[in-house]
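Dear colleague,

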Amino acid sequence: MNDTQDIAKAILEDRCIFICGSELSAINGRQPNNKKIVEFFIDYYWKDKFPGRFNKQELLDKSLQEVAQIYFDSVHANDIQFVANQIKNQFLRKYIKKDLDPCATHLLLANLGVREIYTTNYDNLIEKAFTSVGFSEINVINHNNFSELNSKGLPNIYKLCGTIGDSDIILMEKQFSETDPNRLHYPFMRQLLDKIVVFIGYNNRDHVILSAYIDFIKKCQPDRKSTRLNSSHLVISYAV
């Protein structure tokens, strides 16, 4: 059986999880992709005065989470959540577009009836896709409330980093590594052990979520030597 057949069967059996990154929302220019938003970030906060030893090209080669972390370290702040929300209000609200329609890939996920979607995107295009294809109710679960469970058989959309309108967002690299595992990593990762997992819309800069996944699997299955998960398997699709 090939990957496509495996995924289709797993969706029908509710054994498939999709993890969606920024390139999904960047299709057809709906949102800026990682590289573009990093360029916006550099011009907004630093212009030509780059922090420490970095030059512009080195910063452009990093993820948004890495660049935001460099900014936080450069301003010598103490409250990482305060700075994350400050960046959200000053910067992200300006560049994450609102009132957009979902693209064909968003709509495909909704039409397939995928029940478990995790996303690091700050927009609400996945939620809009499910509504537009006829779902009158969905569960949108933010990173600080992962204890909520779906008891109605509804689609679950887990916002790993929050949404642009939330009071708190996850933005910087250290927020991923230092977050209470009961709030983010553990509830997110524990479902990956016995389901088919599809990463879609990530590129080679989006290492934070992939690294968290690999670290978790190593801890749970230290003797495992491949990326196959029991009877399931991992499919990684980068920029779509």
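I begin with K36, which at 37% relative accessibility counts as partly exposed (buried means under 20% relative accessible area, exposed over 50% and partly exposed in between, with a 1.4 Å probe and protein chains only). Please bear in mind that this is a predicted model, in which local features need pLDDT of at least 70 and side-chain atom pairs count only at pLDDT 80 or more, while totals for chains, interfaces and linings use all residues. Residues are numbered from 1 along each chain as its sequence is written, and side-chain values use heavy atoms, with hydrogens and water left out.

K36 forms a salt bridge with E39, the closest N and O atoms being 3.9 Å apart, where a salt bridge is a side-chain nitrogen of Lys or Arg within 4 Å of a carboxyl oxygen of Asp or Glu. Because E39 and K36 lie 3 residues apart in helix α3 (residues 34–45), about one helical turn separates them; helices here are DSSP runs of H or I with at least four residues, numbered from the N terminus. E39 is also partly exposed, with a relative accessible area of 26%.

The structure holds 5 salt bridges, and some of them share partners, joining K9, E13 and R15 into one network. K9 is partly exposed at 38% relative accessibility, E13 is partly exposed at 39%, and R15 is partly exposed at 25%.

Turning to helix packing, the axes of α3 and α5 come within 9 Å and cross at roughly 15°, an axis being a line fitted to C-alpha atoms over the stretch in contact, with angles running from 0 to 180 degrees between N-to-C directions. That angle makes α3 roughly parallel to α5, since angles under 35 degrees count as roughly parallel, over 145 as roughly antiparallel, 65 to 115 as roughly perpendicular and the rest as oblique. In the contact (heavy atoms within 4.5 Å), N34, I37, V38, F41 and Y45 of α3 meet L64, V67, A68 and Y71 of α5. By class, this contact has 8 nonpolar, 1 polar and no charged residues, where Ala, Val, Leu, Ile, Met, Phe, Trp, Tyr, Cys and Pro count as nonpolar, Asp, Glu, Lys and Arg as charged, and the others, Gly among them, as polar.

Helix α5 (residues 64–74) also packs with helix α6 (residues 80–95), at an angle of about 115° and with their axes 11 Å apart, which makes α5 roughly perpendicular to α6. Here L64, A68, Q69, Y71 and F72 of α5 make the contact with I80, V83, I87 and L92 of α6, and the residues divide by class into 8 nonpolar, 1 polar and no charged.

Finally, helix α7 (residues 104–112) and helix α8 (residues 125–132) have their axes 8 Å apart and pack at an angle of about 55°, and are therefore oblique to each other. Their contact is made by H106, L107, L109 and A110 of α7 and by L125, I126, A129, F130 and S132 of α8, of which 7 are nonpolar, 2 polar and none charged.

With kind regards

Methods
Helices (H or I, at least four residues) and strands (E, at least two) are DSSP runs, numbered from the N terminus.
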